[in-house]
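This briefing walks through a few features of one protein model, grouped by topic. Please keep the sequence and the 3D view open beside the text while you read.

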Amino acid sequence: MTDGTPLQHLIHGLPAAFAAAPRPTALDACPCCTRPAELSVLLHTPRERLTADELTYYATSVLNTVGSPADFRYFAPRILQLALTTELTVPDLELVGNKLARAGWQEWPEAGYLRRLLDALWVDVLHNADEWWDAEAVLCALAAAGDRAPAAFTGRLAEWELLVTPVAVERLYEFAVSGGLEPQNAFWDRQGAPYQAFVDWLRGPGLQLAVESAILRVDDPTQLEQLITVHDILTT
């Protein structure tokens, strides 16, 4: 994770933003699936000192076989810190987003801060060349977390469509050559409005026109080759 980016500042600020979240004194858990020692570590280790290994089981199982929305609110900032710096690779970011939605994060006192974090994540995807982001995975995670309204998700697609940075072009190229401009992520809710909006955007005329416009204004050989490849896939 590149130091000094708006996203990085928001990640660093998560502990302070969630300072009022009460620390749980106990965790409900399925006795068949959970070892007492795992729970003890969570309850007795300062939140910001919990490691990815110590949080993996809880982050994967919370709201299923362990935990509640209340204790997830307490652990969420540390889980997000580790997930967004790729120290925590299980569960996937898409599942973290799903759990946030199930926990009702939009009603938390920290909701405004989390919205800024999610917005900054998407900006980083389109602007930060130093990070390898899977644009579709991030889009899917944002959809799973529950964007504020359908317009918020389509707004993210509109940002991408501008293709104003080499990074945005490269992310579209990576997506196109890996999946032929068809959603591939297994975590999509294929009955949901964000998924349908994504499919419509990929198949609609706006993206093709945006790529054609970018081809006319770009003079970097690498970007131009990427855009022509995307255009060929779009028109096939």
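Glu48 is partly exposed, its relative accessible area being 31%. This value, like every other one in the briefing, belongs to a predicted model.

**Salt bridges**

- The structure holds five salt bridges, and in one of them Glu48 is joined to Arg47, with the closest N and O atoms 3.0 Å apart.
- Arg47 counts as buried, because its relative accessibility is 7% and buried means under 20%.
- Another salt bridge links Glu110 with Arg73, and here the closest N and O atoms are 2.7 Å apart.
- Glu110 lies in the loop between α6 and α7 (111-127), whereas Arg73 belongs to helix α5 (residues 69-84), so this pair ties together parts that are 37 residues apart in sequence.
- Glu110 counts as buried at 4% relative accessibility, and Arg73 is also buried, with a relative accessible area of 15%.
- The side chains of Glu38 and Arg35 meet in a salt bridge as well, at 3.4 Å from N to O; Glu38 is partly exposed at 22% relative accessible area, while Arg35, at 57% relative accessibility, counts as exposed.

**Aromatic rings**

- Besides its salt bridge with Glu48, Arg47 lies over the face of Tyr74, at 4.7 Å from the ring centre.
- The count of aromatic pairs comes to twelve.
- One aromatic cluster is formed by Trp122, Phe153, Trp160, Phe175, Trp188, Tyr195, Phe198 and Trp201.

**The largest pocket**

- The largest pocket holds about 290 Å³ of space, and it is lined by 13 residues, of which Ala83, Thr86, Leu93, Glu94 and Trp133 lie nearest its centre.
- The elements that give two or more residues to this lining are α6 (93-102) and α8 (135-145).

- About 200 Å³ of space lies in the second largest pocket, whose lining includes Glu94, Asn98, Cys140, Phe187, Trp188 and Tyr195.
- The elements α6, α8 and α11 (193-203) each give two or more residues to the lining of this second pocket.
- The residues lining the second largest pocket divide into eight nonpolar, two polar and two charged.
- Trp188 and Tyr195 line the second largest pocket and also belong to the aromatic cluster described above.

Terms used:
Residues are numbered from 1 along each chain as its sequence is written. This is a predicted model: local features need pLDDT of at least 70, side-chain atom pairs count only at pLDDT 80 or more; totals for chains, interfaces and linings use all residues. Side-chain values use heavy atoms; hydrogens and water are left out. On a 1 Å grid over the protein atoms alone, a cavity is a set of points where a 1.4 Å probe fits but cannot get out, and a pocket is an open set with protein on both sides within 12 Å along at least five of seven lines; lining residues have an atom within 4 Å of a point. Grid points are joined across faces, edges and corners, and a volume is the space filled by probe spheres set on the points. Helices (H or I, at least four residues) and strands (E, at least two) are DSSP runs, numbered from the N terminus. Ala, Val, Leu, Ile, Met, Phe, Trp, Tyr, Cys and Pro count as nonpolar, Asp, Glu, Lys and Arg as charged, and the others, Gly among them, as polar. Rings of Phe, Tyr and Trp (its six-membered ring) pair if their centres lie within 6.5 Å; planes under 30 degrees apart count as stacked, over 60 as edge-to-face and the rest as tilted. A charge sits over a ring if NZ of Lys or CZ of Arg is within 6 Å of the ring centre and within 35 degrees of the ring normal. A salt bridge is a side-chain nitrogen of Lys or Arg within 4 Å of a carboxyl oxygen of Asp or Glu. Buried means under 20% relative accessible area, exposed over 50%, partly exposed in between (1.4 Å probe, protein chains only).
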